[in-house]
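Let's take a walk through this structure together, one piece at a time. Keep the viewer open as you read, so that you can find each residue as it comes up.

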Amino acid sequence: MNAAHAASLRPDLAVIAENVSPGSSVLDVGCGDGTLMQALQAGQGCATRGMEIDAANVGACVARGLSVIQGDADKDLAFYPDKSVDYAILSQTLQTTMRPDKVLDELLRIGRKAFVSFPNFAHWRVRVSLMWNGRMPVTRLLPVGWYETPNIHHLTINDFRALVKERGITVEGRWFLSGDQNCSAAAANFRAEHAVFLLSRGN
Amino acid sequence: MATSPTIPTENRFLDLDMPLMLDGGQSLACPRIAYETCGTLNAAKDNAIFICHALTGDHHVVSDHPKTGKPGWWVRMVGPGKPIDTDRYFVICANVIGSCMGSTGPASLSPDGEPWGMRFPVITIRDMVKGHIAVLDALGIDSLHALVGGSMGGMQALSLAANFPERTRAVLVLASTARHSAQNIAFHEVGRQAIMADPAWRDGNYYAFGKGPEKGLSVARMAAHITYLSEAGLTEKFGRRLQNREEKTFGFDADFQIESYLRYQGLSFTDRFDANSYLYITRAMDYFDLAEEHGGLLANAFAKSKARYCLVSFDTDWLYPTAESRTVTHALNAAGLPVSFVELSAPYGHDSFLLDVPALDRVVEGFLG
């Protein structure tokens with residue numbers, strides 16, 4: 001990944017882009033308008049494909065020459081063959097799925113490895129908001145009110161750590177971000193706004 | 001009728017000097033294939049886009065229709081600076097065999113000098129595709145930049161990509177399907193029965209009488225036309241409005257605008273289309289099941305393909321609904337091929353692929369690159 005490409009990406013996407021092996025194959029689930037796919041194609045020479053639920057976004061991707069299918073991570077991942085890509089990527093989408101645990105299983109079935117990024121609901125601003133206001137927080141990364149947010153399964157970094165441990169999933173890498181700064185693993189559940197995990201089924 | 005600026009096209013015929021072997025076991029001796037080209041084929045012969053037309057379509061994509069005088073059926077999409085840009089691409093469209101617009105069909109003369117009529121062999125979508133391949137061979141085009149088709153054209157595009165995988169590098173399928181459903185077959189059967197129930201059909205031997213089964217063909221077209229639209233579209237366009245009258249007549253005149261519209265559609269269709277061709281082409285569509293041709297698994301159909309694919313469906317299309325495009329998408333995914341799929345929102349039902357849907361233009365232009 002060259003610096004120019006990485007710099008223009010959202011921080012969690014930049015982390016993913018920097019850590020995908022050049023020339024690898026990638027499935028970006030919830031690929032939005034294809035920004036990450038395009039960066040991976042241009043910067044890393046990756047073979048990319050995407051899935052996106054919003055028709056306008058899919059149209060934008062196809063207009064950029066990307067291979068993207070309109071689909072729902074909860075239902076349509078079943079149609080991808082086992083180990084058909086090097087990386088399955090799910091950025092800022094896990095918390096919007098009906099069954100995050102099953103989506104995670106699907107990612108690790110389709111991809112040899114999986115990148116997962118999500119906003120941390122235990123970030124201190126969220127905690128403070130809940131504690132002092134007693135209201136569901138509306139923050140920079142969680143900008144939408146409770147009744148209309150697409151985020152139906154809020155989770156914390158510790159929740160995610162517990163899930164992957166329980167499922168026997170190997171954590172090959174993890175990055176904790178506050179703004180575009182990294183923070184330490186120890187303080188992550190309190191200080192990180194979002195997290196990126198690189199996962200595999202081990203051997 | 002708005003006239004479009006004339007786009008230079010060439011209308012040509014290809015007379016095959018050998019028989020076309022058909023899926024039904026018969027062969028068609030030395031058939032003729034009519035086709036239109038637009039744009040310039042480059043020296044490498046790698047900038048060709050082949051367009052497959054729909055059931056009652058023809059090869060007049062951009063040139064005026066010879067019988068109706070109306071502009072070509074896809075001038076909205078094809079031309080200089082259009083999403084299918086004839087300044088960059090050499091565009092070809094061939095009339096399918098079985099048709100009545102220049103390629104050999106049941107109205108053509110058989111070797112005995114009489115029209116084929118119902119002696120014309122039953123053809124399939126794959127047989128139509130064999131005709132297209134003959135055109136590509138004649139033009140010296142080994143591999144297409146892209147293959148584009150909507151509705152029955154999409155079936156041909158899928159069939160060509162599956163059966164002649166080396167001949168195209170990209171496939172764009174609009175509002176189509178990999179197999180005809182029971183509902184699709186049912187509507188076609190209504191149309192065919194309407195034609196065959198008309199005494200003027202005369203078992204298909206009407207050519208010498210100067211008058212074909214116009215009533216039957218007209219009813220067939222009326223029924224089919226409804227399937228090309230959406231309920232919301234019909235309601236918006238016609239509602240329950242009366243045709244040139246203040247009150248209902250308590251008779252069986254075309255009181256409602258929708259009745260008058262359908263009667264007009266049916267009648268004007270008989271001016272430009274041969275009833276036997278309608279029987280043969282609808283039959284070909286009904287027989288279409290791409291998975292069946294490939295051991296029952298659709299993904300197998302694309303095992304040798306290396307092309308990029310894009311499928312587009314429309315949310316109001318109940319003739320070839322989104323689920324059909326999804327089925328094809330999943331099969332292509334399973335075959336490991338790069339595939340895009342999008343369901344676009346448009347009010348016009350199945351006909352959306354022919355009408356003004358700006359989102360479609362962007363997808364087509366983007367996919368063709």
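This is a predicted model: local features need pLDDT of at least 70, side-chain atom pairs count only at pLDDT 80 or more; totals for chains, interfaces and linings use all residues.

Where the two domains meet, domain 1 of chain B contributes 26 residues to the contact and domain 2 of chain B contributes 21 residues.

Now look at two helices of chain B, α3 (residues 182–197) and α7 (residues 275–286). They pack at an angle of about 160°, and their axes are 10 Å apart. An angle over 145 degrees counts as roughly antiparallel, and therefore α3(B) is roughly antiparallel to α7(B). The crossing of α3(B) and α7(B) is left-handed. On the α3(B) side, the contact is made by I185(B), H188(B), G191(B), R192(B) and I195(B). Facing them from α7(B) are A275(B), Y278(B), L279(B), T282(B), M285(B) and D286(B).

The axes of α1 (residues 125–139) and α2 (residues 152–163) of chain B come within 9 Å and cross at roughly 70°. Angles of 65 to 115 degrees count as roughly perpendicular, so α1(B) is roughly perpendicular to α2(B). From α1(B), the residues in contact are I125(B), R126(B), M128(B), V129(B) and H132(B). From α2(B) come M155(B), Q156(B), S159(B), L160(B) and N163(B).

Next, find F288(B), in the loop between α7 and α8 (298–301) of chain B. Is F288(B) buried or exposed? With 20 or more other C-beta atoms within 10 Å, a residue counts as buried; F288(B) has 23 and is therefore buried. Leaving out residues up to four places away in sequence, F288(B) touches I125(B), M155(B), R179(B) and H180(B). F288(B) and M152(B) are 136 residues apart in sequence, yet their C-alpha atoms are 9.7 Å apart in space.

Let's turn to where the chains meet. The contact takes 16 residues from chain A and 22 residues from chain B. On the side of chain A that touches chain B, α4 (55–63) and β3 (68–70) of chain A each supply at least two residues. Which element gives the most to that side of chain A? It is α4(A), with 5 residues. The buried residues of α4(A) are V58(A), G59(A), A60(A), C61(A) and V62(A). Their cover includes β2 (47–52) and β3 of chain A, together with β11 (308–314), β12 (339–344) and α10 (358–368) of chain B. After α4(A) comes G65(A), whose phi is positive, near 85°.

Staying in chain A, visit helix α5 (residues 100–110). Its buried residues are P100(A), V103(A), L104(A), E106(A), L107(A), L108(A) and I110(A). These pack against β1 (25–29), β4 (85–91), β5 (111–119) and β8 (194–200) of chain A.

Finally, look at the largest nonpolar core, which has 166 residues; A88(A), I49(B) and V91(B) touch the most other members. This core draws at least three residues from each of domain 1 and domain 2 of chain B. Setting aside neighbours within four places in sequence, the contacts of V91(B) include I49(B), I51(B), V61(B), V78(B) and I84(B).

How values were computed: Residues are numbered from 1 along each chain as its sequence is written. Chains are lettered from A and ligands numbered from 1 in the order in which they are written. A nonpolar core is a set of buried Ala, Val, Leu, Ile, Met, Phe, Trp, Tyr and Cys residues joined through C-beta atoms within 7 Å. A residue is buried if 20 or more other C-beta atoms lie within 10 Å of its own, exposed if 12 or fewer, and partly exposed in between; C-beta atoms are placed from the backbone. Domain bounds come from an automatic or database domain assignment. Two residues are in contact if their C-beta atoms, placed from the backbone, lie within 7 Å. Axes are lines fitted to C-alpha atoms, for helices over the stretch in contact, and angles run from 0 to 180 degrees between N-to-C directions. Helices (H or I, at least four residues) and strands (E, at least two) are DSSP runs, numbered from the N terminus. Angles under 35 degrees count as roughly parallel, over 145 as roughly antiparallel, 65 to 115 as roughly perpendicular and the rest as oblique. A crossing is left-handed if the near helix is turned anticlockwise from the far one by less than a right angle, and right-handed if clockwise.
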